Amino acid sequence: MLPYVSIISYLCNMIFYFSGTGNTRWAAQQVAAATQEKLLFIPEELQTSCEYTLQDDERIGFCFPVHGWQPPHIVRTFISRLLITNAAGHYAYAICSCGDSTGLAMTMFRDELAARGIALGSCQSLIMPESYVCLPFMYTDTPEREAEKKETARHDLEEYIKVVNERRTGYSQLTLGMMPWTLSHVIGAYFNRFMITDKKFTVDTDLCTHCGRCARECPVGDIVFDKMPQWKNDSSCTCCLSCYHHCPVHAINYGRITRKRGQYYFDKP
């Protein structure tokens with residue numbers, strides 16, 4: 001982990017992002033390439049003071065996946081610490097990725113951002129290939145459905161980049177799903193309070209090749225690798241399942257439910 005740095009950073013049209021299996025990273029990279037904005041990875045930014053000063057006319061971008069119809073707790077922690085000394089009047093936008101629907105995740109994000117003095121000007125959701133497979137009714141997408149989602153997301157993102165470049169306000173294209181309040185504030189609240197844990201990860205020692213990829217791919221540094229992966233159990237895990245999906249021999253599982261489930265991480269658009 002990076003050492004804590006108590007300094008104020010000067011933004012130059014930057015995008016704060018978090019990604020586990022790569023869906024959101026791809027989206028953030030596409031926006032950054034089109035807008036010439038710099039990417040900042042939220043887990044790394046949390047090791048700094050999270051204090052920033054904007055130059056004149058600079059934008060603020062946020063990209064993150066939806067976890068249980070809410071923003072991931074690591075994103076919410078970052079927003080709670082975020083201090084931009086001159087945020088008023090600067091254009092802010094956000095993109096969230098999800099497997100099917102967002103619920104009211106973006107509303108929650110907007111309200112928490114507003115509490116830090118930042119007004120969200122526009123937002124967009126992208127339906128991306130499914131990666132959460134730890135519930136009985138959740139599976140990875142078929143190759144055909146995966147390709148379809150990526151193509152639709154590519155088109156939607158191209159259109160949204162125009163919104164960002166034109167700094168349109170009041171723009172909101174979100175797939176809320178049925179009963180979005182219930183999804184986010186009942187099911188999502190339970191999910192994020194009780195089901196985000198690394199204590200259910202197991203390793204099949206007969207299959208593990210000791211490659212260490214799980215530790216390298218963990219976006220929050222939750223895995224210590226000493227011949228075998230060991231999770232820290234320190235509440236840093238976001239349950240993004242990056243370790244599970246990147247294991248080349250399917251040696252990592254989340255309890256028993258993932259033993260016959262597929263694997264996915266973003267590879268090609």
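This note walks through the main features of a predicted model, point by point.

1. Six strands make it up, in the order 3-2-5-7-8-9, and the pairing is parallel. Strand 3 (38–41) and strand 9 (171–173) are the edges, and each of them pairs on one side only. From one strand to the next, the twist averages 20°. As background, strands of a sheet pair through backbone hydrogen bonds, either parallel or antiparallel.

2. Strand 8 (residues 120–127) and strand 9 run parallel and are joined by three bridges.

3. Two helices deserve a look here. Helix 1 (residues 23–35) lies across strand 2 (14–17), strand 3, strand 5 (60–65), strand 7 (92–98) and strand 8. Its direction is about 180° to strand 2. Helix 5 (residues 143–166) lies across strand 7, strand 8 and strand 9. Helix 5 runs at about 170° to strand 8.

4. The structure holds 12 salt bridges. In one of them, the side chains of R59 and E37 meet at 2.5 Å, N to O. The two residues are 22 apart, and the pair links distant parts of the chain. R59 sits in the loop between strand 4 (51–54) and strand 5, while E37 sits in the loop between helix 1 and strand 3. Are these two residues buried or exposed? R59 has a relative accessible area of 6%, so it is buried. E37 has a relative accessible area of 5%, so it is buried too. The cut-off for buried is under 20%.

5. **A helix-to-helix salt bridge.** The side chains of R76 and E112 meet in a salt bridge of 2.4 Å, N to O. R76 lies in helix 3 (residues 73–81) and E112 in helix 4 (residues 105–114), so the pair ties together parts 36 residues apart in sequence. R76 is partly exposed, at 25% relative accessible area. E112 counts as partly exposed at 24%.

6. **Charge pairing in helix 5.** Which residue does E148 meet in a salt bridge? The partner is R145, at 3.0 Å, N to O. Both lie in helix 5, three residues apart, which is about one turn of the helix. E148 is partly exposed, at 45% relative accessibility. R145 is partly exposed as well, with a relative accessible area of 34%. Salt bridges with shared partners also join E151, R154 and E158 into one network.

7. **A nonpolar surface patch.** W181, V186 and I187 form a nonpolar patch on the surface. Together they have about 310 Å² of accessible area. I187 belongs to helix 6 (residues 180–194). At a relative accessible area of 42%, I187 is partly exposed.

8. **The surroundings of T238.** T238 lies in the loop between strand 12 (228–231) and helix 8 (242–246). Its relative accessibility is 3%, so T238 counts as buried. What does T238 touch, leaving out residues up to four places away in sequence? The contacts are F18, H67, H73, I74, I196 and V220. V224 is 14 residues from T238 along the chain, and their C-alpha atoms are separated by 16 Å.

9. **The hairpin.** Strand 11 (residues 223–226) and strand 12 pair in the antiparallel sense over four bridges. D226 has M228 in strand 12 as its bridge partner. The two strands form a hairpin with one residue between them. K227, in the turn, has a positive phi of about 70°.

10. **Positive phi in two loops.** Most residues other than glycine have a negative phi. W69 has a positive phi of about 60° although it is not a glycine. W69 is in the loop between strand 5 and helix 3, and it is buried, with a relative accessible area of 14%. H250 also has a positive phi, near 55°. H250 is in the loop between helix 8 and strand 13 (252–254). At 18% relative accessibility, H250 counts as buried.

Terms used:
Residues are numbered from 1 along each chain as its sequence is written. This is a predicted model: local features need pLDDT of at least 70, side-chain atom pairs count only at pLDDT 80 or more; totals for chains, interfaces and linings use all residues. Side-chain values use heavy atoms; hydrogens and water are left out. Patches are made of residues with over 30% relative accessible area and no salt bridge: like charges are joined within 9 Å, nonpolar side chains (Val, Leu, Ile, Met, Phe, Trp, Tyr) within 5 Å. Accessible areas come from the Shrake-Rupley method with a 1.4 Å probe; for residues, only the protein chains shown count as cover. A salt bridge is a side-chain nitrogen of Lys or Arg within 4 Å of a carboxyl oxygen of Asp or Glu. Buried means under 20% relative accessible area, exposed over 50%, partly exposed in between (1.4 Å probe, protein chains only). Two strands pair if DSSP finds at least two bridges between them. Axes are lines fitted to C-alpha atoms, for helices over the stretch in contact, and angles run from 0 to 180 degrees between N-to-C directions. Contact means heavy atoms within 4.5 Å.
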